[in-house]
Amino acid sequence: MKDVFGKVYLDAYHADHPVYYAIERDDDYLSISDANIYFADYDQFSAYEKEAIQQCQGKTVELAAGAGRISLYLQQQGVDVTATDISPKAIEVCQLRGINQTKVCSIFDLSIDEIDTLLIFGNSIPLAADQKQLVALLDQFYEQTTDDGQVFGDFRSPLPTKDPIHLAYHQQNRDRQLPVGRMRFRLRYQNLVGDWIDFWMYTKEEFEQAVRQTDWQIETTGETQIGFRLDKR
Ligand SMILES: C[S@@+](CC[C@H](N)C(=O)[O-])C[C@H]1O[C@@H](n2cnc3c(N)ncnc32)[C@H](O)[C@@H]1O
């Protein structure tokens with residue numbers, strides 16, 4: 001694995017200047033991001049992230065934790081939290097920032113059981129890039145959580161855009177009988193080029209439809225940046 005995200009976090013952690021990286025979509029669309037967002041403080045967390053933090057109970061695991069902004073805050077609040085990420089360098093940054101419990105692992109291969117609260121923020125669940133993979137992932141979460149287990153996360157709907165380049169990309173997906181928000185992208189940073197990643201920016205309806213194929217109950221908030229909570233009621 002080319003750990004481009006990890007190198008971005010590590011440089012941003014050590015740098016005394018902003019660190020920017022690029023996301024290159026497979027239609028050559030390039031967007032530039034500031035790595036600083038991954039080091040945001042509690043004040044900058046979204047309303048649904050703050051709500052989830054309040055509801056965290058018991059053994060808590062954060063998936064795709066990045067530089068660990070949420071796990072770090074939870075640990076400071078006395079929560080029993082483990083930060084996980086597929087990127088070894090991301091986990092190195094979590095450790096440098098003082099997070100005590102960490103694990104390098106994929107969201108698809110977590111191998112932690114009896115979890116009370118699972119967190120997956122930062123638009124990371126769309127790594128489950130087709131319906132079958134998403135339903136399987138939600139089933140896996142169900143198996144790995146306790147009877148009162150809960151999952152909090154978020155995703156960004158592809159629909160609220162007027163950008164003609166994005167609209168053309170959506171149309172190309174429809175023409176290929178793919179969901180509107182399917183995309184393939186890779187990261188670029190300095191001279192590093194990551195592997196292509198398949199991603200599915202779900203509409204709220206698409207996500208809810210996948211959840212209905214599982215035993216989870218769902219609540220959502222928002223229309224563009226959508227926060228969700230799954231529980232076993
Ligand atoms: C957009 S960042 C979000 C970071 C963090 N959740 C946040 O909100 O600040 C996505 C993260 O997902 C991680 N990632 C990518 N594929 C993954 C996978 N299959 N399993 C676990 N983490 C993964 C990346 O290494 C990266 O740190």
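**Strands, helices and one glutamate**

Guide: Strand β6 (residues 115-120) and strand β7 (residues 145-156) run parallel, joined by five bridges. The model is predicted.

Visitor: What makes β6 and β7 count as paired strands?

Guide: Two strands pair if DSSP finds at least two bridges between them. Five bridges join β6 to β7. So they count as paired.

Visitor: Which residue of β7 is the bridge partner of Thr117?

Guide: The partner is Gln150.

Visitor: Where do these strands sit in the sheet?

Guide: The sheet is open and has seven strands. The order is β5-β4-β3-β6-β7-β12-β11, and the pairing is mixed.

Visitor: Why are β5 and β11 called edge strands?

Guide: β5 (102-104) pairs on one side only, and so does β11 (217-221). From one strand to the next, the twist averages 20°.

Visitor: Which helices lie across these strands?

Guide: Helix α5 (residues 131-144) lies across β6 and β7, at about 145° to β7. Helix α7 (residues 204-212) lies across β7, β11 and β12 (225-231). Helix α7 runs at about 165° to β11.

Visitor: Why is Glu206 called partly exposed?

Guide: Glu206 is found in helix α7. A residue is buried with 20 or more other C-beta atoms within 10 Å, and exposed with 12 or fewer. Glu206 has 19 such neighbours inside 10 Å, so it falls in between and counts as partly exposed.

Visitor: How many residues separate Glu206 from Pro88 in sequence?

Guide: They are 118 residues apart in sequence. In space, the separation is 32 Å, C-alpha to C-alpha.

Conventions:
Residues are numbered from 1 along each chain as its sequence is written. This is a predicted model: local features need pLDDT of at least 70, side-chain atom pairs count only at pLDDT 80 or more; totals for chains, interfaces and linings use all residues. Helices (H or I, at least four residues) and strands (E, at least two) are DSSP runs, numbered from the N terminus. Axes are lines fitted to C-alpha atoms, for helices over the stretch in contact, and angles run from 0 to 180 degrees between N-to-C directions. Two residues are in contact if their C-beta atoms, placed from the backbone, lie within 7 Å.
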